[in-house]
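Here is a short note for your review. Please keep the model open while you read.

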Amino acid sequence: MKRNEILLRQDRVVYILLIVTAAVGLTWVIWRHQYLLNHNRPAGAQPAAQALR
């Protein structure tokens with residue numbers, strides 16, 4: 001393998017890891033936001049989607 005091919009393969013691995021990390025982070029942020037919305041309201045309150053009806 002040439003040096004240039006090895007560097008391209010390493011770049012590809014790094015980009016894939018960055019994308020996977022970003023996806024996991026975004027999923028966690030969205031889940032956490034929804035979790036906090038559902039657990040910070042009073043016990044008898046309806047979810048926001050039902051309250052608008």
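1. Basis. This is a predicted model: local features need pLDDT of at least 70, side-chain atom pairs count only at pLDDT 80 or more, and totals for chains, interfaces and linings use all residues. Residues are numbered from 1 along each chain as its sequence is written, and side-chain values use heavy atoms, with hydrogens and water left out.

2. Whole chain. The chain has 2 helices and 0 strands (DSSP runs: H or I of at least four residues, E of at least two, numbered from the N terminus). Of its 53 residues, 0% are buried (under 20% relative accessible area; exposed is over 50%, partly exposed in between; 1.4 Å probe, protein chains only). The accessible surface is about 5300 Å², and carbon and sulfur atoms hold 65% of that (Shrake-Rupley method).

3. Nonpolar patch. W28, V29, W31, Y35 and L36 make a nonpolar surface patch of about 530 Å². Patch residues have over 30% relative accessible area and no salt bridge, with nonpolar side chains joined within 5 Å and like charges within 9 Å. A salt bridge puts a side-chain nitrogen of Lys or Arg within 4 Å of a carboxyl oxygen of Asp or Glu.

4. Ring pair. The count is 1 aromatic pair (ring centres within 6.5 Å; stacked under 30 degrees, edge-to-face over 60, the rest tilted). W31 and Y35 are stacked, 5.2 Å centre to centre with 20° between the planes. Both lie in helix α1, 4 residues apart, about one turn.

5. W31 counts as partly exposed because its relative accessibility is 49%. Y35 is partly exposed at 34%.

How values were computed:
Areas by Shrake-Rupley, 256 points an atom, 1.4 Å probe, with all protein chains shown as cover. Phe/Tyr/Trp six-rings, centres within 6.5 Å; stacked < 30°, edge-to-face > 60°.
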